[in-house]
Amino acid sequence: MQTLRDLPALRASILALRRDGKSVALVPTMGALHDGHMALVEEGRRRAKHVVVSIFVNPRQFGPNEDLDAYPRREATDAHMLQEAGVDILWAPTVDVMYPAGFSTNISLSGVTEGLDGAARPGHFDGVATVVTKLFNQVQPDVALFGEKDYQQLTVIRQMVIDLNLPVEIVGLPTQRAEDGLALSSRNTYLTEEERKQALALPRALGEAKRQMEKGASVDSALAKAIAMLANHGFDPIDYVTLCDAATLEPMTVLDRPARLLGAAKMGGTRLIDNIAVDPA
Ligand code: AMP
C-alpha cells in the first residue's frame, strides 16, 4: 500500500492503477478506523479491482465549537489496518494540499441539507459536499462507498452526484454495530465507561419507536416516548428524534411510505447520531 500526501503523486499512482483498464473504488473517511469503515473497504474490494481510502479530518465540516482539535488521529494504526485489508492507496492529504491559500469555492445543497444535522450544525454539509467533490475529482473513482450511519450525509451525496452529473456510482452500506447494538463511531472513544452504557439508550429508543410505529402507534407519541427515554438516560441536549421520508428526508407525521427514523443527542460532551429504517405495514 502506498501512503500519498500530495496531488502529483496521487495522480501518477491512479494513472498507473488504471493503466490495465481496471476499476477504482474510493472510501472517504476521517480516520480512527473501526469495523464500520472496514466493511466499506471490503465492499469496495468486491466492487472494484483497486481500492483507495482517504483519511482527511476536514476542518470545513466542523463548527467553531466542535471537536476538530480533539478528533482522534491514529494514522499509523489506520495504515496498518488498511494494508492488511489489501488497500492499494491511502490518500492522506494535508489541510494545505486540500485547501491551498486562496481556496474560494463552496458547494452548497438546499433541500436535503436543511433539517436534522443541517439545522443543528450550520455549514456542516457545505463542508462535506465540498470535500467529497474534491476527493472525487482527485481520485476519479468508478464507485464510492458511504455508510448509512451518516444517513443524511449519504442522501446529500446521492443528490449532489445527480445534480452535478458526477460520473461515480454511490453505494450505501448498513450501519455496523457493536454486539450490544451501539453504532460504531470514531467518537465512541470519547465516552466514559458509564456514558458508554447509557449511550445504548439511543439505538434502543429508536428501535422501540420503530416497533410502535410499525404496529400502528401514532408517530408523535412514539417520538415523544423515544425522546423521554433518551432524557431518562442522561442525553442532553437532544437535537432531534424525527421520522423522515427515506428518500427526501422530508419530515413525516404519518407512516404512509418508507421512512427513516433519525436521532442525534449528546451523551456527556459527545454528540452521537443513529438512524433506522421504518416501513409501513
Ligand atoms: P467518518 O470517518 O466518520 O467520516 O466515516 C467515514 C465513512 O464511514 C462514512 O461513509 C460513514 O458513514 C462510514 N461509517 C462510519 N461509521 C460507520 C458504521 N458504524 N457503519 C457503517 N459505516 C460507517
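These are my notebook entries on what I looked up in this predicted model.

**Ground rules**

I number residues from 1 along each chain as its sequence is written, and my side-chain values use heavy atoms, with hydrogens and water left out. As the model is predicted, local features need pLDDT of at least 70 and side-chain atom pairs count only at pLDDT 80 or more, while totals for chains, interfaces and linings use all residues.

**Entry 1: aromatic rings**

I looked up the aromatic pairs and found four in the structure. Rings of Phe, Tyr and Trp (its six-membered ring) pair if their centres lie within 6.5 Å; planes under 30 degrees apart count as stacked, over 60 as edge-to-face and the rest as tilted. For F62 and Y71 the ring centres are 5.8 Å apart and the planes stand at 80°, so I wrote the pair down as edge-to-face. F62 and Y71 are both buried (buried means under 20% relative accessible area, exposed over 50%, partly exposed in between, with a 1.4 Å probe and protein chains only).

Y99 and F103 also pair edge-to-face, because their planes are at 70°, with the ring centres 5.0 Å apart. Y99 has 11% relative accessibility and so counts as buried. F103, at 25%, is partly exposed. I noted one aromatic cluster formed by F56, Y99 and F103.

What sits over the ring of Y99? The charged end of R60 does, 5.1 Å from the ring centre. (A charge sits over a ring if NZ of Lys or CZ of Arg is within 6 Å of the ring centre and within 35 degrees of the ring normal.)

**Entry 2**

Two packed helices are described by the angle between their axes and the distance between the axes. Helices (H or I, at least four residues) and strands (E, at least two) are DSSP runs, numbered from the N terminus. Axes are lines fitted to C-alpha atoms, for helices over the stretch in contact, and angles run from 0 to 180 degrees between N-to-C directions.

I looked up helix 6 (residues 124-139) against helix 7 (residues 151-163): the angle is about 55° and the axes are 11 Å apart. Helix 6 and helix 7 are therefore oblique to each other (under 35 degrees counts as roughly parallel, over 145 as roughly antiparallel, 65 to 115 as roughly perpendicular and the rest as oblique). The crossing of helix 6 past helix 7 is right-handed; a crossing is left-handed if the near helix is turned anticlockwise from the far one by less than a right angle, and right-handed if clockwise. The residues that meet include F125, V128 and F136 in helix 6, and V156, I157 and M160 in helix 7.

Helix 1 (residues 7-18) also packs on helix 6, at about 55° with axes 9 Å apart. That makes helix 1 oblique to helix 6 as well. L7, L10, R11 and I14 of helix 1 make the contact with N137, Q138 and V139 of helix 6 (contact means heavy atoms within 4.5 Å).

The axes of helix 9 and helix 10 come within 9 Å and cross at roughly 160°. Helix 9 and helix 10 are therefore roughly antiparallel. Helix 9 passes helix 10 in a right-handed crossing.

L202 is in helix 9 (residues 201-214). Is L202 buried or exposed? L202 is buried, at a relative accessible area of 1%. Leaving out residues up to four places away in sequence, L202 touches L230, F235, L272, I273 and D274.

**Entry 2: Y240**

I found Y240 in strand 7 (residues 238-245). Y240 counts as buried, with 12% relative accessibility. Between Y240 and G263 there are 23 residues in sequence but 5.4 Å in space, C-alpha to C-alpha. Among the residues that Y240 touches are L116, D117 and R271.

**Entry 3: backbone checks**

Most residues other than glycine have a negative phi, and most peptide bonds are trans. I looked for exceptions. The peptide bond from D236 to P237 is cis, with omega near -5°. P237 has its place in the loop between helix 10 (219-232) and strand 7.

N165 has a positive phi, near 50°, and lies in the loop between helix 7 and strand 6 (169-173). N165 is exposed, at 64% relative accessible area. L249 has a positive phi too, near 65°, and is found in the loop between strand 7 and strand 8 (259-267). L249, at 8% relative accessibility, counts as buried.
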